[in-house]
Amino acid sequence: MKAMRIRKDDHVVVTRGKDRGKTGRVIRTEPKRRRVYVEHLNMVKRHQRPRSVKDTQRGGEAGGIIEKEGPIDVSNVMLLNPQDNKPTKVGVRRSDGTRERISKRTGKPLE
């Protein structure tokens with residue numbers, strides 16, 4: 001399986017789907033399924049039961065219809081280059097035994 005080059009807390013732009021062109025921060029990744037969850041994008045509604053009737057006042061989750069982020073395939077997002085805020089592909093360069101992510105557009109390290 002190929003390693004995902006998008007990580008948590010990266011800023012990405014969506015290139016396909018209903019949220020095409022919108023940007024956001026990656027809040028979660030699932031490398032085995034090759035999915036990312038982007039903050040406030042691909043919102044889906046889920047019906048949720050209350051976790052504990054007695055504990056709803058003391059921190060338990062309330063029931064009802066909740067909205068949360070849905071998964072987006074990693075091929076449908078592109079990393080935003082932090083220097084100029086434009087979409088870029090991500091490459092990997094190995095130097096002195098360390099692995100660093102680089103911007104394919106500028107050739108500079110991302111971190």
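Arg25 is partly exposed in this predicted model, because its relative accessible area is 26%, which falls between the 20% limit for buried and the 50% limit for exposed. The side chain of Arg25 forms a salt bridge with that of Asp9, at 2.6 Å from N to O. This pair connects distant parts of the chain: Asp9 sits in the segment before β1 and Arg25 in strand β2, 16 residues apart.

**Salt bridges**
- The count of salt bridges comes to nine.
- Arg28 and Glu30 are joined through their side chains by a salt bridge of 2.6 Å, N to O.
- Within that pair, Arg28 is partly exposed at 40% relative accessibility, whereas Glu30 is buried at 17%.
- Asp84 and Arg105 form another salt bridge, at 2.3 Å from N to O.
- Asp84 lies in the loop between β7 and β8, and Arg105 in the segment after β10, so the pair links distant parts of the chain, 21 residues apart.
- Salt bridges with shared partners connect Asp9, Arg25 and Glu39 in one network.

**Thr15**
- Thr15 is found in the loop between β1 and β2.
- Thr15 counts as buried because its relative accessibility is 19%, and the cut-off is under 20%.
- Beyond its neighbours within four places in sequence, Thr15 contacts Arg20, Ser75, Asn76, Val77 and Met78.

**The largest pocket**
- The largest pocket has a volume of about 310 Å³.
- Its lining has 15 residues, and Arg5, Ile6, Val74, Val77 and Val90 lie nearest the centre.
- Strand β7 supplies the largest share of this lining, three residues.
- Eight lining residues are nonpolar, two are polar and five are charged.

Notes:
Residues are numbered from 1 along each chain as its sequence is written. This is a predicted model: local features need pLDDT of at least 70, side-chain atom pairs count only at pLDDT 80 or more; totals for chains, interfaces and linings use all residues. Side-chain values use heavy atoms; hydrogens and water are left out. On a 1 Å grid over the protein atoms alone, a cavity is a set of points where a 1.4 Å probe fits but cannot get out, and a pocket is an open set with protein on both sides within 12 Å along at least five of seven lines; lining residues have an atom within 4 Å of a point. Grid points are joined across faces, edges and corners, and a volume is the space filled by probe spheres set on the points. Helices (H or I, at least four residues) and strands (E, at least two) are DSSP runs, numbered from the N terminus. Ala, Val, Leu, Ile, Met, Phe, Trp, Tyr, Cys and Pro count as nonpolar, Asp, Glu, Lys and Arg as charged, and the others, Gly among them, as polar. Buried means under 20% relative accessible area, exposed over 50%, partly exposed in between (1.4 Å probe, protein chains only). Contact means heavy atoms within 4.5 Å. A salt bridge is a side-chain nitrogen of Lys or Arg within 4 Å of a carboxyl oxygen of Asp or Glu.
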